[in-house]
Amino acid sequence: MIKSCHLKPLMTAIIAGSLLISCSTHKDSDNSLILNASGYFEATGINFLVFNNWYNGMFSDSKMSGIEIIHHGIRTATNGDVRLHPTPEQWDAIPTFIERNPNIEENSIEALLSYPDYNFRYRIEATSSGDKMVIRVVLDEPLPELLEGRAGFNLEFLPSAYFRKTFMLDSSLQSFPLYPAGPMEQLPDGEVQPLPLATGRRLVLAPEDPERRVTIESSTSEMSIYDGRNVAQNGWFVVRSLIPAGKTGSVMEWNIQANSIDGWVRKPVIGHSQAGYHPAQKKVAVIECDPAGQTNKQAILYRISEDGTYQVALQSRIKPWGRYLRYNYGTFDFSEIRKDGIYIIEYDGVRTKPFIIDEEVLSLAWQPTLDLFFPVQMDHMFVNEAYRVWHGAGHLDDARQAPVNHEHFDLYAQGPTTDTPYRPGEHIPGLNTGGWCDAGDYDIRTQSQYATVLGLVQVWEEFSLQRDQTTIDQVYGFVDIHVPDGQPDMLQQIEHGVLALIAQHRAVGHAIPGIIVPEISQYTHLGDAVTMTDNQVYKPGDPESKPDDRWAFTSRSTALNYGSVAALAAASRSLAGSNPELSSECLEIAEQVWEEEQGKEPDLFRVGNITGGRVDFEELRAAVELLVTTEGQQYKERIVQLIPVIEKWYAPNAVLAVRILPHMGNDYSEILEQLTNSYKQRIDSLYLENPYGVPISRGGWAGSGGVIRYAVTNYYLHKAFPEIVFPEDVYRGLNYVFGCHPGSDISFVSGVGTESKQVAYGFNRADFSFIAGGIVPGVLILPPDFPENKEDWPFLWGENEYVITLGASYIFAVNAANSLLNAL
């Protein structure tokens, strides 16, 4: 799975040679590119970022690095850098960033980079001159012989920005291919790579479109344009010039002109809930305006009648909030409107899509996640929906013991021993059951599995959702969507997660980091999971048997064990009525593993983000669930010992802390009340940080998950301390996810709200499609100040990848808000 990590904000200029980048304009007034205080070049409708961002430290090429162009509000180009392939894939070699030196007085940036394995250093220099920018690749020593014919300067252009457009490269006139169809060649080593679509010295992209027209001229060497999608569906169009051999100094020069529309101003974004509003809740739209726009005009709320006429329900001047990131903001409060109906908001010539004010707006908003997203993610099951088969029963050959001392490319790793009775490569029986394919990929990440089970148990215990719309048959491994089977779907999903967790304890005696395919060629698989392996257990020595089974990474981790204990203990409560035998086994294993961990030194094996959270956090989680399940005094005593952990890190542990208030004494309650007062002061200060009043993350994985967890936390704290934390602290989080966020007003829940994510990073992403009920990470703040969520390009995982844990917390948050509103 593609997972979260912080982008490293860095900056540099381009490669040897001199790249000239200018904004051609339709006006005589000055439109010079200026290196601004935020560290990027700016002109009307155009920004050039020069290594403000760097390749993702965990996943290499995440299409957010090097020279980047934000063109009339859309990031259309990235990865301007020296690369060793015409169309680099995610794990291909990337350079090492050394330093970046901006010079505001000279309007220039210089960056130093290297490929240490080849003893190759280079500088990228970017200097603006009027509306032009010169970008040079500079070498102090000639290109190493091993890189001759390989190293070149690449600049990648977003395919969806150029679909249905044309380009000119010298005398070659072409349309950008909608589907990858460029020529390929086979190299002597058997590898294949794209051939150029065209080659020449002067390239014009989208000459017919003033918003996207870019002209590139090379005075030193030929340029080629490639379609990177020929080798990977997430590839971009790549413009490339090879670095010449045997030369030093400025070895390459391009001129790039990015067209600027005269007087261009970005249209306002009216952030609001696409899912609508309950009549009784606070209703505030956040209006995002270009710095050259206005935040002092009147907004109009229209009510749409059944004959289609628009009636003014409210008209008022918006309230300025101020500057956040790169935009100016104002708010439009229409809380006084309580009449049921269909409404739209208009501001400065922009109208929203229709939304609803009604008491039932949230009663349906969680259902696609339970009815569709979770069933589709179920591993080891055949999943059918009416005439459609989502996928067959895949990975029935799970799993082979991972080799020792092995680092996997997707953050997994195996330590120096297997910590199991099995030899490396040996089949571990019993792991081919239960679990959900994690995120947009197909692995079973244990940390995600137990977090999801815990989230679903909380939903069940708090709201007792009896909804039954799905047939789930564990005996035959069959799921049929939209076909009730007489059992609550929530309980069946809890059971499915439990089957994966308990299988690990049955098979090897402890929780394991997870199960994943061994090869990148399998990992990049897009399609039906049943075709990822042959579904036959590998038999060593049999020439007809394929060693394509997924690997089980099995190193012991105390944190993982505690997390698994918590989920099993919690699930034992939920499953007591529907599956008492499994319920009893869950609790028996949970208590046994707790005793084992309490009686020894912790196993602190850590790697990536697949070996559990902090040990003390996970231990607290296990103690809480065991206390709630058994009321055992030993668990209460351990929680008392862990109170300093709660005090130091209250926000991430607040839900656990308040859930056990009935089991603890008055002193404990007083501690939590003080902590909640401090917490409330912190969340109230969020209104000073951003106009949405929620915690917006600034890392390489966007923040929908954090905002939803914030809403869930506030619900529990409101229930425990209603005079401190208020219902509005819950509603804000959902409004954010439903469209009241920076950058756009789209709902981040596919299929929920009038306009929602229809292109996302699920396993059907190659089809530019979505899975209803899936929640994407949302707005990624591209350093230093650009909010982005691509609505036409699914492959940016930090913005668009579904995750199973978020599904559970989202269902909780919607039902929490709905219960509070309907109690008014």
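Tutor: We may, with the caution that the model is a predicted one. By class, seven nonpolar, six polar and three charged residues make up the lining of the largest cavity.

Student: How many residues line the largest cavity, and which are the closest to its centre?

Tutor: The lining has 16 residues, and Asp61, Lys63, Gln90, Asn234 and Gly235 are the closest to the centre of the largest cavity. The space in the largest cavity is about 120 Å³.

Student: How many cavities of 30 Å³ or more does the structure hold?

Tutor: There are five cavities of 30 Å³ or more. The second largest cavity has a volume of about 60 Å³.

Student: Which residues line the second largest cavity, and how do they divide by class?

Tutor: Its lining consists of Ser273, Gly276, Gln281, Leu362, Tyr731, Leu734, Asn735, Phe738, Ala817 and Leu821. Six of these residues are nonpolar, four are polar and none is charged. Two or more lining residues come from each of helix H15 (728-737) and helix H17 (804-822). H15 gives the most, with three residues.

Student: What makes a space a pocket and not a cavity?

Tutor: The 1.4 Å probe cannot get out of a cavity, whereas a pocket is an open set of points. The second largest pocket has a volume of about 880 Å³. Its lining has 30 residues, and Ile74, Arg266, Gly743, Ser744 and Glu791 lie nearest its centre.

Student: Which elements give two or more residues to the lining of the second largest pocket?

Tutor: They are strand S6 (74-83), strand S22 (269-271), strand S29 (350-351) and strand S42 (786-788). S42 gives the most, with three residues. By class, the lining of the second largest pocket has eleven nonpolar, six polar and 13 charged residues.

Student: Let us turn to the helices. At what angle do helix H7 and helix H9 pack?

Tutor: H7 (residues 580-598) and H9 (residues 633-641) pack at about 45 degrees, and their axes are 13 Å apart.

Student: How do helix H3 and helix H4 cross, and which residues meet?

Tutor: The axes of H3 (residues 446-463) and H4 (residues 489-508) come within 9 Å and cross at roughly 145 degrees. This crossing, too, is left-handed. Thr446, Gln449, Tyr450, Val453, Leu456, Val457, Val459 and Trp460 in H3 meet residues of H4, among them Met490, Leu491 and Ile494. Eleven residues of the contact are nonpolar, five are polar and none is charged.

Student: Which residues does glutamine 193 touch?

Tutor: Leaving aside residues up to four places away in sequence, glutamine 193 touches Pro86, Met184, Glu185 and Leu187. Glutamine 193 lies in strand S15 (residues 192-194).

Key
Residues numbered from 1 in each chain as written. Predicted model: local features only at pLDDT ≥ 70, side-chain atom pairs only at ≥ 80, totals over all residues. Heavy atoms only, no water. 1 Å grid on protein atoms, 1.4 Å probe; cavity = no way out; pocket = protein on both sides within 12 Å on 5 of 7 lines; lining within 4 Å. Points joined across faces, edges and corners; volume = space filled by probe spheres on them. Helix = DSSP H or I, 4+ residues; strand = E, 2+ residues; numbered from the N terminus. Nonpolar A, V, L, I, M, F, W, Y, C, P; charged D, E, K, R; others polar. Axes fitted to C-alpha atoms, helices over the stretch in contact; angles between N-to-C directions. Contact = heavy atoms within 4.5 Å. Left-handed = near helix turned anticlockwise from the far one by under 90°.
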